[in-house]
Amino acid sequence: MALVGAALLASCSADIPSSDGSVSATDGLDAAASGFATTAVAEFDQPWAMTFLPDGDALVTEKGGTLQRVDVVDGSATEVAGVPDVVNAGQGGLGDVIVGPTFAEDRGIYLSWIERGPEGTGAVIGRATLGEPESKLENLTVIWRQDTTTGDGHFSHRMTISPDGQFLFVTSGERQKKDPAQDLSTNLGKVLRLNLDGTPAAGNPFSDRGGVAAQIWSYGHRNPLGIAFDESGQLWVSEMGPKGGDELNLILEGKNYGWPDASNGSDYSGADIPDHTAGDGFEAPAVWWTPSVSPGSLMIYSGDKFESWTGDAFLGALSGEALIRVDLDGTTAKLADQWEMGQRIREVEQDHDGSIWLLEDGTGGRLLRLTPP
């Protein structure tokens with residue numbers, strides 16, 4: 001796998017660079033220069049994730065605990081009833097939402113959120129039926145729980161379904177505790193492969209250990225906030241590093257991705273962390289960023305509306321306030337474009353028609369539709 005570094009935030013733009021090497025894609029930018037036109041469709045209160053329903057509507061989660069069903073044509077939203085109470089503190093709240101692989105038959109969806117337990121807080125995943133015609137969650141059942149601990153950061157709790165529709169993959173952050181990422185007796189700092197009912201999938205690399213270890217697909221992760229499969233069925237995860245060292249990783253079964261023993265960033269205290277090097281026993285990132293861009297989401301584009309981008313990865317940057325495109329070619333990755341958006345980008349998603357959608361972070365975060373110029 002190629003190891004590619006981003007030494008400067010704006011140095012990776014390939015299209016129409018400005019004087020600092022960046023490409024701007026804020027409202028009002030000439031669409032021909034950016035490669036897309038941007039349309040604001042709706043606003044939300046701290047939106048966190050979105051997914052598209054087969055009928056074209058979108059579900060949007062708001063961190064405080066609200067799920068909205070959105071008509072993306074006119075921007076109108078209807079609050080979905082039956083959402084569980086969530087712990088809304090720090091980085092925690094209502095999180096990801098995805099459509100189940102058999103939604104056409106059972107209207108099943110998956111949600112993630114934060115709950116409080118006897119030893120602190122942790123993420124959970126629930127499966128529910130989306131009622132129709134009323135927008136409400138029915139038969140909501142918790143199917144997986146993250147190990148609880150103190151603090152309110154690095155929950156991660158992003159989800160995706162395998163291309164064959166058989167498995168639920170979940171990212172679980174190390175909760176700002178570092179060492180759990182290397183500990184196979186906890187599900188913190190891991191990527192997990194579960195059955196659709198939340199139980200550990202048979203054949204996972206550490207199944208013979210039993211217990212929580214049976215859930216684990218890969219380990220040594222810090223705060224993985226994006227997860228997606230490419231066209232060939234390979235799994236990719238975007239991950240926040242410490243002070244620098246953000247990563248895009250190709251996820252391989254049973255592999256160790258190094259945190260906290262290896263990172264291309266430094267500790268917030270200023271202490272050095274050994275960089276990824278050949279032969280260190282850890283999987284190196286396919287792409288990494290120093291300074292940090294804070295990747296908060298990942299989408300791999302499979303549409304044809306932006307034909308030259310099919311198969312590429314798109315990351316929403318929080319501190320970087322940008323949309324980033326990474327050219328994927330098999331197991332290698334190369335930084336391609338970085339468009340300055342002027343706002344923290346929390347989520348990147350693709351519509352059924354091949355449009356690309358963004359959610360801005362924070363109060364008044366806009367839903368943006370990107371279309372060809």
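**A paired set of strands**

In this predicted model, strand E25 (residues 356-360) and strand E26 (residues 363-371) run antiparallel and are joined by four bridges. Within this pairing, Ile356 has Leu370 of E26 as its bridge partner.

Both strands belong to an open sheet of four strands, ordered E3-E26-E25-E24, with antiparallel pairing. Strand E3 (37-45) and strand E24 (345-350) each have a single partner strand, so they stand at the edges and one side of each is left without a neighbour in the sheet. On average, neighbouring strands of this sheet are turned by 20° against each other, direction ignored.

**Nonpolar cores**

The largest nonpolar core contains 22 residues. Leu59, Leu67, Ile109, Leu111, Leu130 and Leu137 have the most contacts inside it. At least two residues of this core come from each of strand E4 (47-52), strand E8 (94-99), E9 and strand E10 (120-130). In soluble globular proteins, nonpolar side chains tend to be buried together.

Leaving aside residues up to four places away in sequence, Ile109 touches a group of residues including Leu59, Val97, Phe103, Leu130 and Leu137. Another core, of 20 residues, lies apart from the largest one; among its members are Ile114, Val170, Ile216 and Tyr219.

**The surroundings of Glu115**

Glu115 is part of strand E9 (residues 108-117). Its side chain makes a polar contact with the side chain of Arg145, at 2.5 Å. Not counting residues up to four places away in sequence, Glu115 also touches Val87, Gly120, Thr121, Gly122 and Val124.

Thr148 is 33 residues from Glu115 along the chain, and the C-alpha atoms of these two residues are separated by 9.0 Å.

Definitions and conventions
Residues numbered from 1 in each chain as written. Predicted model: local features only at pLDDT ≥ 70, side-chain atom pairs only at ≥ 80, totals over all residues. Heavy atoms only, no water. Contact = heavy atoms within 4.5 Å. Polar contact = N/O pair within 3.5 Å; in protein donor to acceptor, adjacent residues only side chain to side chain. Pairing = 2+ DSSP bridges. Axes fitted to C-alpha atoms, helices over the stretch in contact; angles between N-to-C directions. Core = buried A, V, L, I, M, F, W, Y, C linked by side-chain atoms within 4.5 Å. Buried < 20%, exposed > 50% of the residue type's maximum accessible area, 1.4 Å probe, protein only.
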